[in-house]
Amino acid sequence: MPVASRWHRGGAPKHNLHFRNEVESRTTLQELLLYSIFLIILCILSFGMVNPHMYYLNKVMSSLFLDTSVPGDERSNFKSICSIPDFWKFMEGPLLEGLYWDSWYSNSQLYNSKNSSRIYSENILLGVPRVRQLKVRNNTCKVYSSLQFLMSDCYAKYTSENEDISDFGLKVDTEWKYSTPNSNSPWHWGFVGVYGNGGYIFTLSKSKSETKNKFIKLQQNNWITRGTRVIFIDFTLYNANVNLFCIIRLVAEFPATGGILTSWQFYSVKLLIYVSYYDYFIAFCEITFLILFTLFLIQEGKKMKEFKFAYFKRIWNWLELLLLVLCFLTIFFNLFCKIQIFLLLEQLFKRTEEYSDFYLLAHWRIFYNNILAIIIFFAWIKIFKFISFNNTMSQLSSTLSCCIKDIVGFAIMFFIILFAYAQLGFLVFGSQVDDFSTFQNSIFAQFRIILGDFNFAAIQQEYRILGPIYFITFIFFIVFVLLNMFLAIINYTYSEVQDDYSLGRRPYFKLGEMIKKSYNNVLKKLKLKKPQEAEDNKRKNKDLAEQARRKGFDENEIQSAEQMKKWKERLEEKYYSTEIQDDYQPVTQQEFRDLFLYALELEKELHYINLKLNRVMRKVS
C-alpha cells in the first residue's frame, strides 16, 4: 500500500517534514549569525592591514623621485628619461638630492646625520641604497649575412640564457664583477623582460660627495654598455610617526630596440606589528579568526561525511571550500611573514653600512594582503546564500540558474567575435597604435570600446578607411546585436520566473519572518511582550460564530464548520506551509486518520455545493 510504505516498520514515527524544515530554518539562522561574526572579524583584519598614510607616503616619495626635474631642464625627470646621458643626469641630480638630506630648510642642523639621512626630516634611510645592473652577452643573436659588413655585434633581449656573467671594465670592484644571487627575492617583471637576481652591484656611500664622485667615475669608465638591459635602484625608508616602511625600486630598462623605459614600485607596508593598543585588538581578532576557521572546517567536514558525493553538487559548498582554502593560505602566509620579519629585521637593522633588502618582506606582505582581499570578496558573495531566502533575491538567483545554459552559449559566441576583432586590430594597428601594441592590449581595447573609453582618432589617423570600418562594424555586432541579445535572454528568463512566482512558488524559508519570529519569542521569554495571538484567534472565532447564528445557521453546522477549520489549519501547517522536497514522507496512524476525516468532510461539502448548483440551474432553466 502506498500509505503503508510511509510508516515506520518499528512503529515509531520519524520527524515530519514541518519539524525538519523548522530545524533547518533554525540552523540556517544560527549559521547566519556565526557567519556575520566571521565577516565582521574579516573586515576588521583587512582594514587593519591598510592605513590611509600608506597612500600619502607613496605619493610624497613618488613626487620626490619621479617628478623632480633635472637642474637646468624643467621638462626632464625620471619618467621622461630616454637616453643614457639623461639617466646619468638623473642619478647626479634628483636622485642624489632626494636621498641625502642633512639640514632643515633654514640650514640648521636638527639631528646627527652621521648614521643616516632623513628624507623630508621624517623618513629615515635604512642602510644605504643599492644599484644593480643586468647585461646580455654579445653575439646572442644573429645578424643577416648581407648586413654583417655594417654591424658585427648583436645583443639580444634579456633572458637567463643570454645573461652576461663575465667581468668587464676595470674588473676591480663589485660593480665590474658579476655577483651571484644571494637572496630569495622574487624576479622582477618589467615591460620587455623578466629579470632575475644578482648582476653587477654597487652600494652608495653615506656621504653625498663620495656618491657623486662614484657616479662620475662609473660614467667616465662606461659602466653602462650596449649589453646593459636593466638597472635597478633599491632603497628602504622608515617613518616612525606612522610606523610604516616604504620600499622603493626605480627601474630603467634598456630594450634591444634602443632607448630607455622607466618604471617604479613604491610599497608602503607595516612590518613592525603589535605596537599600539589597536594592534593588540587586531591580534585578538586574528585569534578569533583562527577559532572560527576551525569551526567552519569541522562543520564542512561533517557535511562532507554526511552527504558524501552529493555534497559537491551544490555551488555554495564549492564556495565554502574555496573560502576555507583561501583562509588556510592567509593563516599560513600571516605566520610566515611574522616569522620572517622576526628573523630578518634584527639582522637588517644591525648592518647600517650595507644595503638592507626589505623587498622580500614587502613582497610577502603585499601577497598576504592580496589573498585577504580575495577572501573578503568571496565572503561578501556568500551573503547571497542567506538572503536568497528572500522573495526578491530568490527570483534573482532563480533567473540566473534558469538562463545559465543560454548565457554560456551566448558567451561562446561573444568571445569568438571579440577575439576575432582583437586579432584583426593587433595585426592591422599593432605597429602604430599603443592600444593594439600587444595581443593582450588589443583584447582589453575591445572592452574599452564597449565602455566608450577609446581613442578613435588614433586608428583613424593611421588608416583612414580601414580604421572607421573596423570601429563601426565592431560597434554594430558587439554593442547593438550581442549585448542586446544578452539583455533579451535575462529579461525573458526573469519574466518566466515572475510568472512562476505569481502562481504560488515561494522560498520555503523566509529569513525575515524567521528573524521576526525569533525576536518575538525572545521578548515573550523575557516577559516583555504578552502572547496575544491565541486570545485574538478566540475572539475572532466567537465573532464569526455570532454572525453565523444571526444568519440562521444551526449549532450543528457551526460546530462542523469550526471542526473543519481546525483540521484545515492543522493540516496546512503540517503539509502546505513548507515546500515538499521528497516524494515519500513518513506519517503516523493518527495523521492518516485526520487526513481521512478531512477528506470525508471535503466530500460532504462538495456534495452539498453540487446540490445547490443543481437547484440553481433548474430554476434558471
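Author: One aromatic cluster is formed by Tyr 421, Phe 429, Phe 436, Phe 454, Phe 456, Tyr 463, Tyr 470, Phe 471 and Phe 474; this and everything below is read from a predicted model. When rings are paired if their centres lie within 6.5 Å, the count comes to 47 aromatic pairs. Tyr 178 and Tyr 200 make one of these pairs: their ring centres are 5.7 Å apart and their planes stand at 75 degrees, and since an angle over 60 degrees counts as edge-to-face, that is the class of the pair. Tyr 178 belongs to the loop between strand S2 (123-135) and strand S3 (188-189), whereas Tyr 200 lies in strand S5 (residues 200-203), so the contact ties together parts that are 22 residues apart in sequence. Tyr 200 has a relative accessible area of 0% and is therefore buried, and the charged end of Lys 135 sits over its ring, 5.6 Å from the centre.

The rings of Phe 312 and Trp 318 have their centres 5.6 Å apart, but with planes at 55 degrees this pair is tilted. Phe 312 counts as partly exposed at 31% relative accessibility, and Trp 318, at 46%, is partly exposed as well. A charge over a ring is also found at Tyr 359, where the charged end of Arg 249 lies 4.0 Å from the ring centre.

An α-helix has 3.6 residues a turn, so residues three or four places apart point the same way. Just after H5, Lys 308 takes a positive phi of about 55 degrees.

As for covalent cross-links, the structure holds one disulfide, which joins Cys 141 to Cys 154 with an S to S distance of 1.6 Å, and with -110 degrees about the S-S bond this link is left-handed. Both cysteines lie in the loop between S2 and S3, so the bond ties together parts that are 13 residues apart in sequence. Cys 141 is partly exposed, with a relative accessible area of 29%, whereas Cys 154 is buried at 12%.

Methods:
Residues are numbered from 1 along each chain as its sequence is written. This is a predicted model: local features need pLDDT of at least 70, side-chain atom pairs count only at pLDDT 80 or more; totals for chains, interfaces and linings use all residues. Side-chain values use heavy atoms; hydrogens and water are left out. Rings of Phe, Tyr and Trp (its six-membered ring) pair if their centres lie within 6.5 Å; planes under 30 degrees apart count as stacked, over 60 as edge-to-face and the rest as tilted. Helices (H or I, at least four residues) and strands (E, at least two) are DSSP runs, numbered from the N terminus. Buried means under 20% relative accessible area, exposed over 50%, partly exposed in between (1.4 Å probe, protein chains only). A charge sits over a ring if NZ of Lys or CZ of Arg is within 6 Å of the ring centre and within 35 degrees of the ring normal. A disulfide is a pair of cysteine sulfur atoms within 2.5 Å.
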